[in-house]
Amino acid sequence: MNIRALAVAFLVFAASPAYAQTQWPNQREADFLIKDFRFKSGETLAQLKLHYTTLGTPRRNTAGDITNVVILLHGTSSTGEAWLMPSLADELFVPGAALDATRYFIVLPDGIGRGGSSKPSDGLKAKFPHYRYEDIVSAEHRLITEGLGIKHLRLVMGSSMGGMHTWMWGYTYPDLMDGLIPIASQPIEISGLNWIQRRIAIQAIREDPGWNNGNYEKNPTQWMVTAPYGFLQTENVVQIQAMAPTREAGDALYFKQREEAKKRDANDTLWGIEAVMDYNPTPHLDKIKAKLMAINSADDETNAARLASTAREIGHIPGAKFVLIPASDETHGHFTHLRAKFWKSYVSAFMQELDAGH
């Protein structure tokens, strides 16, 4: 949920090169088009495209309404397809697992600015609207309700940026879902270390001589010098030491991440980082009605347990639970959210409770 957006491709996609190749039950991709979408900034887009993937089969009640919908929200640098990497999908979607794809109808949207959804690099460059998190959530809500005709959600779950959006879904549409699971996030205003990391990434792009106020013909490269910094702020220090036990190995890791960053469009990256500026769930938490369980990792310094913010603020939500995954030599700091083996049992128990209540 911070400038790890510039490093996560190396850490996850390189480690799982076939993460999107497995076919799940009834796996499909499509686009939802919204005409004349108005952003909270007042800017408009004649046609906003949201790309999404679905797994499983909708089940309907006697009234014809779909009753088994789960929406999964991705992190800053990812797309909905990231949920298909083995460290997530093979732990969550297999028969009998917490989000069994033969049981649930699972929706994996690409948020605005990501993947197959509308983004600056599609052609508008610096003229693309400066979207914020509220815009992303609003557009995905329209995908669910207008595009897919869904009236109620069994679960909204997201990690990192998706975890932040999960809090927002909960108080923006309090009657829409049965359950909420925000992972690797905090329900507080973007601030402190979390914001300063982002500011570093923002200024690295904006002050790049080749950026030209976003109107470049060739993707600028100077900003990528700082790109690996996000990795240092989000990975478990034990894992970093294992990956870079020597100075030479550290150099190789650094330059590898710079090369990965070159694949990212500067405007897409900048717009995505700045989108967080309107994030502040704290004043709205008492609006949440759904059953909620927040999950963080003890070694995630982006959402540092020492701040006690999630443990404190979750008290405003009746019956809400907070799970803190213990740090170990096997966890990966903030990136633990990409490894469901550490938290799938909590999700499974939560879904069983939802079923019992339902």
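**Helix packing and salt bridges in the predicted model**

In helix α5, the buried residues are Asn194, Trp195, Gln197, Arg198, Ala201, Ile202, Ala204 and Ile205. The structure described here is a predicted model. The length of α5 agrees with expectation, because its 15 residues should span 21 Å at 1.5 Å a residue and its end C-alpha atoms are 21 Å apart.

Ile196, Ile200, Tyr229 and Leu232 make a nonpolar surface patch of about 350 Å², to which α5 and α6 are the elements that give two or more residues. Within this group, isoleucine 200 belongs to helix α5 and counts as partly exposed, with a relative accessibility of 33%.

Helix α9, which spans residues 266–274, is largely enclosed by the rest of the structure, because nine of its nine residues are buried. These residues are Ala266, Asn267, Asp268, Thr269, Leu270, Trp271, Gly272, Ile273 and Glu274. Their cover includes α5 (192–206). The N-terminal end of α9 is capped by aspartate 265, a side-chain oxygen of which lies 3.0 Å from the backbone nitrogen of asparagine 267.

Charged pairs were examined next. Side chains of opposite charge can pair when their charged atoms come close. The model contains 21 salt bridges. In one of them, the side chains of aspartate 178 and arginine 154 meet with an N to O distance of 2.8 Å. This pair links distant parts of the chain, with aspartate 178 in strand β6 (residues 177–183) and arginine 154 in strand β5 (residues 153–159), 24 residues apart. Arginine 154 has a relative accessible area of 6% and is therefore buried, the cut-off being under 20%. Arg154 and Asp178 are linked with Arg103 and Asp355 in a network of salt bridges.

A further salt bridge joins the side chains of glutamate 353 and lysine 321 at 3.0 Å, N to O. Here too distant parts of the chain are linked: glutamate 353 lies in helix α11 (residues 344–357) and lysine 321 in strand β8 (residues 321–325), 32 residues apart. Glutamate 353 is partly exposed, with a relative accessible area of 32%, and lysine 321 is partly exposed, at 36%.

Glutamate 301 forms a salt bridge with arginine 306, in which the closest N and O atoms are 2.5 Å apart. Glutamate 301 counts as partly exposed at 34% relative accessibility, whereas arginine 306 counts as exposed at 71%.

How values were computed: Residues are numbered from 1 along each chain as its sequence is written. This is a predicted model: local features need pLDDT of at least 70, side-chain atom pairs count only at pLDDT 80 or more; totals for chains, interfaces and linings use all residues. Side-chain values use heavy atoms; hydrogens and water are left out. Buried means under 20% relative accessible area, exposed over 50%, partly exposed in between (1.4 Å probe, protein chains only). Helices (H or I, at least four residues) and strands (E, at least two) are DSSP runs, numbered from the N terminus. Contact means heavy atoms within 4.5 Å. A polar contact is a pair of N or O atoms within 3.5 Å; within protein, one must be able to donate a hydrogen and the other to accept it, and residues adjacent in sequence count only if both atoms are side-chain atoms. The expected span of a helix is 1.5 Å times one less than its number of residues. Patches are made of residues with over 30% relative accessible area and no salt bridge: like charges are joined within 9 Å, nonpolar side chains (Val, Leu, Ile, Met, Phe, Trp, Tyr) within 5 Å. Accessible areas come from the Shrake-Rupley method with a 1.4 Å probe; for residues, only the protein chains shown count as cover. A salt bridge is a side-chain nitrogen of Lys or Arg within 4 Å of a carboxyl oxygen of Asp or Glu.
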